[in-house]
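Hi everyone, thanks for coming. I'd like to walk you through one protein today, so please have a look at the screen.

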Amino acid sequence: MSTPDPSTAFALSGKLAVITGAASGIGRETARVFVASGAHVVLADRDAAALAAFAGELGASATAVPTDVSVRAQVEALADAASAIAPIDAWVNAAGVVAPPTMVVDVDEATIDRLIAINLKGVYFGSAAAARRMVAHGRGSIINISSQGAEIPAPGLSVYSITKAGVNALTRTLAAEVGPVGVRVNAVAPGFIDTPMISYRFVREDGTADQAAKEALFAARAANAPLGRVGEPLDIARVILFLASDAASFVTGETLRANGGADMR
Ligand SMILES: NC(=O)c1ccc[n+]([C@@H]2O[C@H](COP(=O)([O-])OP(=O)(O)OC[C@H]3O[C@@H](n4cnc5c(N)ncnc54)[C@H](O)[C@@H]3O)[C@@H](O)[C@H]2O)c1
């Protein structure tokens, strides 16, 4: 038997992918990488203006569907809109939020509810909507964006951490449920990645960035990883591409830790 062309196995030629959180950071870079790999992408985000502008940049390879992932009916409508184009081959749940660091003893209930609604229920709704349709077609790959924070305690980020731990648990359970019909479900747990999400750590109240604080933060996080740097969205987008592609055909129920080696197990 000859070895199949590896460039085909790692590509998404002719495939349809849904990406939530696609207007910024990791979701946005994933959309670029997917399009470069031959996919048509259905982009979802609650920031409709940024989403429309980005879809315009990607042109005919992208369809924008403004969506709040915490609203189940909107996630189902997103899945219907994507399915109307073609069967969904890949679904990436990248939409997520973080709250300002607050110790457990001080976290208010509204913060707990908000993060669970977006980071956990949003991923749950997306996974369920994708899985139902993929099972009907007997194929597909779901990729949930978790976090290093699910496994490494970070004081002040308890709610974020439990939502991501829940994402890991959901990933494994769903992988066991839909594996028998050929649908794969995996998570990616990024380390520290340079996206707008982490800017709250050095952006002042007036919106300007404290460059010295940013450099100190990045240096500390880089020193924490054997690879000696913080991550870029492209580092994660390529891992997501691998899990979406046929190259990962025997990978399911995994949480792939892409963190420069900061968390080895
Ligand atoms: N940046 C990091 O260091 C890091 C580390 C680990 C995990 N992550 C995870 O990666 C994912 C992407 O984060 P990012 O760093 O690219 O952040 P980001 O802030 O750049 O992008 C997140 C996107 O999600 C969208 N979003 C937020 N709430 C939404 C909702 N209810 N419905 C639809 N869209 C919504 C935002 O509008 C934004 O476009 C998140 O799940 C995050 O938790 C990020």
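I'll start with the overall fold and then move to a group of aromatic rings.

Please keep in mind that this is a predicted model. The protein has 8 helices and 7 strands. Its C-alpha atoms fill a box of roughly 55 × 40 × 35 Å along the principal axes. How does the radius of gyration fit with a compact globule? For 265 residues, such a globule would come out near 18 Å, and the protein has 18 Å, so the two agree.

Buried residues account for 47% of the 265. If we take contacts between residues at least 6 apart in sequence, 68% of them join residues at least 24 apart. The protein exposes about 12200 Å², with carbon and sulfur atoms supplying 58% of that. As for charge, there are 21 positive and 25 negative ones, and their mean positions lie 4 Å apart.

On to the rings. The count comes to 3 aromatic pairs. In one of them, F192 and F218 have ring centres 5.4 Å apart and planes at 90 degrees; planes over 60 degrees apart count as edge-to-face, so this pair does. F192 sits in the loop between strand 6 (183–190) and helix 7 (211–223), while F218 is in helix 7, 26 residues away.

F218 also pairs with F202: their centres are 6.2 Å apart and their planes at 75 degrees, so this pair is edge-to-face too. F202 lies in the loop between strand 6 and helix 7, 16 residues from F218.

Together, ring pairs link F192, F202 and F218 into a cluster.

How values were computed
Residues numbered from 1 in each chain as written. Predicted model: local features only at pLDDT ≥ 70, side-chain atom pairs only at ≥ 80, totals over all residues. Heavy atoms only, no water. Helix = DSSP H or I, 4+ residues; strand = E, 2+ residues; numbered from the N terminus. Rg over C-alpha atoms; globule rule 2.2 N^0.38 Å. Buried < 20%, exposed > 50% of the residue type's maximum accessible area, 1.4 Å probe, protein only. Contact = heavy atoms within 4.5 Å. Areas by Shrake-Rupley, 256 points an atom, 1.4 Å probe, with all protein chains shown as cover. Lys, Arg positive; Asp, Glu negative; His and termini not counted. Charge placed at Lys NZ, Arg CZ, Asp CG, Glu CD. Phe/Tyr/Trp six-rings, centres within 6.5 Å; stacked < 30°, edge-to-face > 60°.
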